[in-house]
Amino acid sequence: MSYVVYHIISTVKLKEFNTEAGAKRSATCMNRNADNHGVLHRPDPYAYTDLANYKANIITTKKVINLMSGKEIEIPSNTPDCCDPSTETYWSM
């Protein structure tokens with residue numbers, strides 16, 4: 001079973017691990033080193049979970065229209081503009 005560390009707000013997968021202990025350790029270190037701008041009780045920005053739960057519950061999808069073909073496609077909601085075929089940035093690169 002695989003485990004992933006992800007950013008809670010953007011749901012971007014940062015690292016993948018073979019063991020839960022490795023993922024937990026990495027998330028803990030990342031949270032400890034996160035810049036909370038001096039706020040002591042700010043929630044941790046990173047979390048870990050197993051890969052199946054991440055794909056089923058954490059990642060959401062959105063429907064967009066491909067600019068070149070005009071067809072509706074489904075992409076992950078955390079896809080950056082440079083990888084999103086519904087944006088001019090994707091087609092200009």
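**Note on the predicted model: Tyr 6 and its surroundings**

1. Start with Tyr 6. Leaving aside neighbours within four places in sequence, Tyr 6 is in contact with Thr 11, Val 12, Lys 13, Leu 14, Pro 45, Tyr 46, Ala 47, Tyr 48, Thr 49, Tyr 54 and Ile 58. Please keep in mind that this is a predicted model.

2. As a general point, nonpolar side chains in soluble globular proteins tend to be buried together.

3. Next, the strand β1 (3-7). Four of its five residues are buried, so β1 is largely enclosed by the rest of the structure. On one side of the pairing list stands β2 (13-17). β1 and β2 pair in the antiparallel sense, over four bridges. Within that pairing, Tyr 6 has Lys 13 of β2 as its bridge partner.

4. β1 also pairs with β3, again in the antiparallel sense, over five bridges. β3 covers residues 46-50. Here Tyr 3 stands opposite Asp 50 of β3.

5. What value does phi of Thr 11 take? It is near 60 degrees, a positive value in a residue other than glycine. Most residues other than glycine have a negative phi. Thr 11 is found in the loop between β1 and β2. That hairpin has five residues between the strands.

6. Is Thr 11 buried or exposed? Thr 11 counts as buried, because its relative accessibility is 12% and the cut-off for buried is under 20%. Not counting residues up to four places away in sequence, Thr 11 touches Tyr 6, Tyr 54, Ile 58, Ile 59 and Asn 78.

7. Now the salt bridges. How many does the structure hold? It holds one. Glu 16 forms it with Lys 13, and the closest N and O atoms are 3.1 Å apart. Glu 16 counts as partly exposed, at 43% relative accessibility. Lys 13 is partly exposed too, with a relative accessible area of 39%. Lys 13 is also the bridge partner of Tyr 6.

8. Helix α1 (residues 20-33) has 14 residues. At 1.5 Å a residue they should span 20 Å. The end C-alpha atoms are 20 Å apart, which agrees.

9. Which residues of α1 are buried? They are Gly 22, Ala 23, Ser 26, Ala 27, Met 30 and Asn 31. Seen down the axis of α1, these buried residues fall within an arc of 160 degrees, so they line one face of the helix. They pack against β1, β2 and β3. On the other side of α1, Arg 25 and Arg 32 are exposed.

Definitions and conventions. Residues are numbered from 1 along each chain as its sequence is written. This is a predicted model: local features need pLDDT of at least 70, side-chain atom pairs count only at pLDDT 80 or more; totals for chains, interfaces and linings use all residues. Side-chain values use heavy atoms; hydrogens and water are left out. Helices (H or I, at least four residues) and strands (E, at least two) are DSSP runs, numbered from the N terminus. Buried means under 20% relative accessible area, exposed over 50%, partly exposed in between (1.4 Å probe, protein chains only). The expected span of a helix is 1.5 Å times one less than its number of residues. The arc is that of the directions from the helix axis to the C-beta atoms. Contact means heavy atoms within 4.5 Å. Two strands pair if DSSP finds at least two bridges between them. A salt bridge is a side-chain nitrogen of Lys or Arg within 4 Å of a carboxyl oxygen of Asp or Glu.
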